Amino acid sequence: MSNEPIHVLSVLDLSDELLARLRAVSPRLVVRQQSLSQNQLFKRPGAEQFAEVLTPEVEILYTFMAPFDLSLTPKLRWVQGISAGVDNFYDTPLWRSEIALTNASGVHSVQIAEYVLGMLLSYAHHFPTISRLQAEASWPSMREKRVFATRELRGKTLGILGYGAIGREVARLASAFGMRVLATKRAGQSATFDGWTLPGTGDSDGSIPARFYDLVELHTLLPECDMLVLALPLSQQTRHIIGQAELALMRPHAFLVNIGRGPLIDHDALVEALRAKSIGGVALDVTEPEPLPADSPLWHLENARITPHISGLSVYYDERVIELFCENLRRYLNGEPLLNLVQRERGY
């Protein structure tokens, strides 16, 4: 085995403790941090910002995006992303190359699944209306309280579009509430999960769903669901996968939660359905576009809940990504397959 040093660069702001964990994987790793501030990242830094921190010996890069010429890093062999989605890497030289790209699927599963269950419970137990009454210091009469009779989650059917790490943890929590779970996966694909996940979470063997559907069977799945969660990546196949025809197939009381990507839903069709109350409601943590414009009618519809793309945030986020990164570093050093390897032909 070679003892040549392997240069690792992080352009994210990691604590000394987390950097020490990376260095502890192997004495061969030369780990350097040259962070681009979060403000820079949200402004989508260009090649010129990366040119200031990249050096020719970098072999492994830990980053949020990669909008630079690969001639800056002739030895680059692998990029570890920090999010599950990889659309930030589309239309870059890296995406068109054969350099390995891995995502951070699995690090969001706990917090996003809890967010989803929170929204389902909020809908079932009328929490928004209750909050409004408290703000108004209003105590309803016994007759008025009848509208608060809960729909309950137990016995309801939950559809999950996208059965990856997040979808499987949603399924585990939903099954604990007594819900019947239906999920999607590609025809011929194993129901087992081979990506990174936190111990004790998810549904690694795919045993929870009562039935799996291919996405081409979506119109068969939708009428079965009392509640629906979108946990799909964004691709040509999934863009506007929920449109006017799909919303028309959903039950009048159906509640839709999108924690995938905003363009999974045709927002014009969604607004129409919400205004007509042809579905029960929606919770959107992702929108098209982002930020959601102030003049969007979605802000003011009583059956819509909007949150500003925060469901994946957790105080444990960096720690979990580094845990995944350390495992992948060990695999890289040993010549083993990397976890969460992006398949560019699928877009995720």
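**Close-up 1. Helices and strands around the second largest pocket.** In this predicted model, four elements each supply at least two residues of the lining of the second largest pocket: the helices α4 (109–124) and α5 (127–135), and the strands β11 (281–284) and β12 (304–306). Which of these elements gives the largest share of the lining? That is α5, with 4 residues.

**Close-up 2. Looking into the second largest pocket.** The volume of this pocket is about 610 Å³. Its lining is made up of 25 residues. Sorted by class, the lining has 13 nonpolar, 6 polar and 6 charged residues.

**Close-up 3. Helix α1 packed with helix α10.** Two packed helices are described by the angle between their axes and the distance between the axes. Here, α1 (residues 16–23) and α10 (residues 317–334) pack at an angle of about 15 degrees, and their axes are 9 Å apart. Angles under 35 degrees count as roughly parallel, so α1 and α10 are roughly parallel to each other. The crossing of α1 with α10 is right-handed.

**Close-up 4. Where α1 and α10 touch.** Which residues of α1 meet α10? They are Leu18, Arg21 and Leu22. On the α10 side, their partners are Asp318, Glu319, Ile322, Glu323, Phe325, Cys326 and Leu329. Grouped by class, this contact of α1 with α10 holds 6 nonpolar and 4 charged residues, with no polar ones.

Definitions and conventions:
Residues are numbered from 1 along each chain as its sequence is written. This is a predicted model: local features need pLDDT of at least 70, side-chain atom pairs count only at pLDDT 80 or more; totals for chains, interfaces and linings use all residues. Side-chain values use heavy atoms; hydrogens and water are left out. Axes are lines fitted to C-alpha atoms, for helices over the stretch in contact, and angles run from 0 to 180 degrees between N-to-C directions. Angles under 35 degrees count as roughly parallel, over 145 as roughly antiparallel, 65 to 115 as roughly perpendicular and the rest as oblique. A crossing is left-handed if the near helix is turned anticlockwise from the far one by less than a right angle, and right-handed if clockwise. Contact means heavy atoms within 4.5 Å. Ala, Val, Leu, Ile, Met, Phe, Trp, Tyr, Cys and Pro count as nonpolar, Asp, Glu, Lys and Arg as charged, and the others, Gly among them, as polar. On a 1 Å grid over the protein atoms alone, a cavity is a set of points where a 1.4 Å probe fits but cannot get out, and a pocket is an open set with protein on both sides within 12 Å along at least five of seven lines; lining residues have an atom within 4 Å of a point. Grid points are joined across faces, edges and corners, and a volume is the space filled by probe spheres set on the points.
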